[in-house]
Amino acid sequence: MIVWLNGAFGAGKTTTARELVELLPDSHLFDPALIGAGLRALLPRKRLDEVSDCQDLPAWRRLVVDTAAAVHGEVGGTLVVPMTLLRQEYRDEVFGGLAARRIPVRHVLLDVEETILRERAARRGEAGEASGDGGSGEGRAFGALDTAADGRCPEPDRGPAVRHRVPDWLRSDAHTVDATFLTPRQTAEKVAEAVRAGEGACDIVQTPEPTAETVAAGVLLFDEADRVLLVDPTYKPGWEFPGGVVEPGEPPARAGLREVAEELGLRLDTALRLLVVDWEPPRPPGYGGLRLLFDGGRLTTAAARDLLLPGSELRGWRFATEREAAGMLPPVRMERLRWALRARERGVTLNLEAGTPVGA
């Protein structure tokens with residue numbers, strides 16, 4: 001198990017974590033700050049200058065998951081992880097990766113009044129200037145001191161207050177411990193009590209990591225204005241089409257129908273028409289494979305109102321125009337959608353390789 005201590009910079013996550021490992025049997029401290037520091041030493045300055053925070057590096061998010069899983073495999077028990085995660089899509093990616101490795105997560109938010117946070121940040125800054133080391137390791141390794149609620153560095157004139165805002169999604173996602181007037185030991189005792197009571201359990205789908213190329217079937221559903229239905233997974237960043245991996249021995253079209261029923265509670269009674277077959281090249285750590293998109297037809301307004309979402313897998317859904325989808329989907333999925341819409345308009349099936357039509 002992993003106990004993830006989240007919260008704004010200065011909330012006392014690391015000091016609480018050190019106390020917590022003394023209270024939870026067979027527990028060990030795992031600090032992702034080491035990964036951020038390592039990447040700063042390994043990556044070229046040009047690449048580091050392209051991001052405002054180490055968490056913006058895909059390598060950081062991947063290494064946190066892989067390293068935590070490796071350490072957990074070595075020592076077992078419970079890993080206590082003190083780390084700020086303010087961007088929901090990064091939380092999804094990291095926690096989803098841990099879930100895929102069958103490592104349950106307890107998510108705990110240390111909540112501290114903003115005035116206290118500002119005082120602590122000022123003291124740390126003064127101590128850093130006096131010692132010449134620039135302040136805490138957390139601030140240097142992750143840009144946490146300058147991270148706003150949306151994960152970006154604030155403008156210089158916006159003031160220190162924005163550095164400590166906790167987004168609403170985090171308050172509803174994690175078990176909150178008010179640590180404003182508690183010592184680190186008292187905070188750790190509160191966290192340990194919550195963990196023993198099962199609080200903070202991260203209800204996120206466990207999608208096994210692929211070990212070879214896969215075949216996946218997606219289904220495009222449209223409203224009466226011909227907008228396409230997109231879903232927001234909890235276990236990975238970015239919007240997606242309803243669908244999933246085809247199981248061994250399962251026909252792809254049937255897999256698409258199954259996934260739509262499982263994800264949305266919708267049972268389609270029409271045959272699916274294949275729009276595109278796209279070969280996705282392997283890009284480590286992914287293995288690639290075939291991606292199929294089917295036309296699932298139009299949904300009536302009444303049918304759309306009856307859509308159900310499994311909370312452990314999908315956070316939300318919406319109908320989007322092609323232009324709106326371009327701002328929601330990752331580029332590779334958007335290219336696939338773009339050609340699928342063209343195929344639907346023309347009444348044809350297109351063969352794609354890495355998002356580009358071939359043999360047409």
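Helix H1 (residues 13-23) packs against helix H9 (residues 184-196) at an angle of about 55 degrees, and their axes lie 8 Å apart. Helices are DSSP runs of H or I with at least four residues, strands are runs of E with at least two, and both are numbered from the N terminus. Axes here are lines fitted to C-alpha atoms, for helices over the stretch in contact, and angles run from 0 to 180 degrees between N-to-C directions. The structure is a predicted model, in which local features need pLDDT of at least 70 and side-chain atom pairs count only at pLDDT 80 or more, while totals for chains, interfaces and linings use all residues. Residues are numbered from 1 along each chain as its sequence is written, and side-chain values use heavy atoms, with hydrogens and water left out.

H1 and H9 are therefore oblique to each other; angles under 35 degrees count as roughly parallel, over 145 as roughly antiparallel, 65 to 115 as roughly perpendicular and the rest as oblique. Their crossing is right-handed, a term used when the near helix is turned clockwise from the far one by less than a right angle. Among the H1 residues that meet H9 are Thr 16, Glu 19 and Leu 20, and the H9 residues they face include Pro 184, Thr 187 and Ala 188. The residues of this contact divide into 6 nonpolar, 3 polar and 5 charged. In this scheme Ala, Val, Leu, Ile, Met, Phe, Trp, Tyr, Cys and Pro count as nonpolar, Asp, Glu, Lys and Arg as charged, and the others, Gly among them, as polar.

Thr 16 belongs to helix H1. At 2% relative accessibility, Thr 16 counts as buried, where buried means under 20% relative accessible area, exposed over 50% and partly exposed in between (1.4 Å probe, protein chains only). Beyond its neighbours within four places in sequence, Thr 16 is in contact with Leu 5, Leu 110, Pro 184, Thr 187 and Ala 188; contact means heavy atoms within 4.5 Å.

The next element is a sheet. Strands of a sheet pair through backbone hydrogen bonds, either parallel or antiparallel. Here 5 strands form an open sheet in the order S2-S3-S1-S4-S5, with parallel pairing; two strands pair if DSSP finds at least two bridges between them. Strand S2 (27-29) and strand S5 (175-178) are the edge strands, each pairing on one side only. From one strand to the next, the twist averages 25 degrees. Strand S1 (residues 2-6) runs parallel to strand S4 (residues 105-111), and 5 bridges join them. The bridge partner of Asn 6 in S4 is Leu 109.

Phe 30 is placed in the loop between S2 and helix H2 (33-42). Phe 30 is buried, with a relative accessible area of 7%. Not counting residues up to four places away in sequence, Phe 30 touches several residues, including Ile 35, Val 64, Ala 68 and Leu 79. Phe 30 and Ala 68 are 38 residues apart in sequence and 7.3 Å apart in space, C-alpha to C-alpha.

Strand S7 (residues 228-233) has 6 of its 6 residues buried, so S7 is largely enclosed by the rest of the structure. Both faces are covered, with Val 228, Leu 230 and Asp 232 buried on one side and Leu 229, Val 231 and Pro 233 buried on the other. S7 runs antiparallel to strand S11 (residues 314-320), to which 6 bridges join it. Leu 314 in S11 is the bridge partner of Pro 233.

For the whole protein chain, there are 13 helices and 13 strands. Buried residues make up 48% of its 360 residues.
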